[in-house]
Amino acid sequence: MDSSVMDGIAIVGLSGRFPGAKDVDAFWRNLRDGVESITHFEPEELDRAAIEPGELADPGYVAARGILEDVEGFDAAFFDYTPREAQLTDPQHRLFLECAYEALETAGYDPRSYEGSIGVFAGAGVNSYLMFNLASAGEMNGTIDTFQAFIHNKNDHLTTRVAYKLNLRGPCVTVQTACSTSLVATALACQSLMSYQCDMALAGGAHVFVPQKTGYLHHEGGIGSPDGHCRPFDAKAAGTLGGNGAGVVALKRYEDAVADGDTIHAVIRGWALNNDGSVKVGYTAPGVDSQAEVISTAQVFADVAPETITYVEAHGTGTAIGDPIEIQALTKAFRRETEKSGFCAIGSVKSNIGHLDTAAGVAGLIKTVQALKHRELPPSLHFEEPNPRIDFASTPFYVNARLTPWETDGAPRRAGVSSFGMGGTNAHLVLEEAPVAEDATPSRPWQLLVVSGHTPAAMEAANARLV
């Protein structure tokens, strides 16, 4: 094993809730099968209390969104919440707590008995629950409830609430960089691990806009798609649409994960963060040079040649201007070492689930980890003809529009994951497939599988999941 891998970060646990998927395995099946998990609402289904009447009458109103099932459900007793606390808590915080617990569970660690320190790095979206539910329903009358409502909704408390509930003692930092939040959080978690501020870290994000049954008003030239479909890199690309979701990865230093016998889903070889500054058209516009720089920096840090990276999970918002800028930046980064063309697949999970805002980066990360594990490249949807502003033939990239085996020439499978935040904070990670695990030594013919639950019903559900 070369030293650069030994210096990497192992992903030892995964969890998530995504449109059309209650867990990361269902998420992978949907991606693999090319499912578009966007809900298009009939007029009578829309939550009109949260929509301006003038918007509904506008022909540009698009009634579509990526939504979550049972977003209101929460096992309050399991996490020692009173019913009133649970009622006051933003669904983003509830979902993130559930995912944090599950990420540790899939990694095989009980935070109350783990001897090392565990950190949490994450962010959440706008507190729509506070605005459209608690405040409008009069739930914040009285000083005590108002104070409690802010504590259970303000994003400052997203990660520290997880630390309190799970008894985690490492750094707990809430990150807010708009669309790049959860991938920036992952990079910061990697840095914290490498500087030995913690021994394990949870990283990710959540975005739940409620009420869910709402759409958006399309404006010509804006970021919103005119028909509720996101078409990254396609000639018909005209924007994206919102989606709700949450995702968490559990991370450890690679050498520690190997020593502890952890299941390693993938390895983060390198990461980088930067900002566009002011050298671009406007505050909300992307910047070519800074995107290229963050990608190159991550590749240099990972100590891998661009030519060995054969998939990139793009930011891929499906806008007519943003997509060409992203390909231009990627090409600039890859061209520093290779003139080869057409060897690297590219895709965007936004074509499946929409733009998850603060959870968009971790959604792309989990998609890429699953692709590495299964050695398959899932299709990026709605790609028919390339955006006329993109000359793919002169770039290292092609859009992966169908499910394909992830073949290599013998080198480890490697991927890049990008997330670019409105306002200019960019993040890029370089991933590598996990090394093949050594065969276990001979053991007894029968093995014990341990299943636990707080209640008989929870035990039955755990048994069903195991089966």
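**Reading a cavity**

Analyst: The count comes to one cavity of 30 Å³ or more in this predicted model. Here is the general idea. Rolling a probe the size of a water molecule over the atoms shows where empty space is left.

User: How much space lies in the largest cavity?

Analyst: About 50 Å³.

User: Which residues line the largest cavity?

Analyst: The lining includes Glu313, Ala314, His315, Val349 and Lys350. Ala360, Gly361 and Gly364 also line the cavity, as do Val417, Ser418 and Ser419. Helix 14 (360-374) and strand 16 (414-420) are the elements that give two or more residues to this lining. By type, the lining residues divide into four nonpolar, five polar and two charged.

User: Let us stay with helix 14. Is Gln370 buried or exposed?

Analyst: First the idea: a residue counts as buried under 20% relative accessible area. Gln370 lies in helix 14. Its relative accessible area is 1%, so Gln370 is buried.

User: What is Gln370 in contact with, leaving aside its neighbours within four places in sequence?

Analyst: Gln370 touches Leu14, Val24, Asp25 and Trp28.

User: Now the whole chain. How many helices and strands does the chain have?

Analyst: The chain has 15 helices and 17 strands. Its radius of gyration is 22 Å, close to the 23 Å that the globule rule gives for 467 residues, so the chain is as compact as a globular protein of that length.

User: What share of the residues is buried?

Analyst: Buried residues make up 56% of the 467. Now take contacts between residues at least 6 apart in sequence: 80% of them join residues at least 24 apart.

Technical notes
Residues numbered from 1 in each chain as written. Predicted model: local features only at pLDDT ≥ 70, side-chain atom pairs only at ≥ 80, totals over all residues. Heavy atoms only, no water. 1 Å grid on protein atoms, 1.4 Å probe; cavity = no way out; pocket = protein on both sides within 12 Å on 5 of 7 lines; lining within 4 Å. Points joined across faces, edges and corners; volume = space filled by probe spheres on them. Helix = DSSP H or I, 4+ residues; strand = E, 2+ residues; numbered from the N terminus. Nonpolar A, V, L, I, M, F, W, Y, C, P; charged D, E, K, R; others polar. Buried < 20%, exposed > 50% of the residue type's maximum accessible area, 1.4 Å probe, protein only. Contact = heavy atoms within 4.5 Å. Rg over C-alpha atoms; globule rule 2.2 N^0.38 Å.
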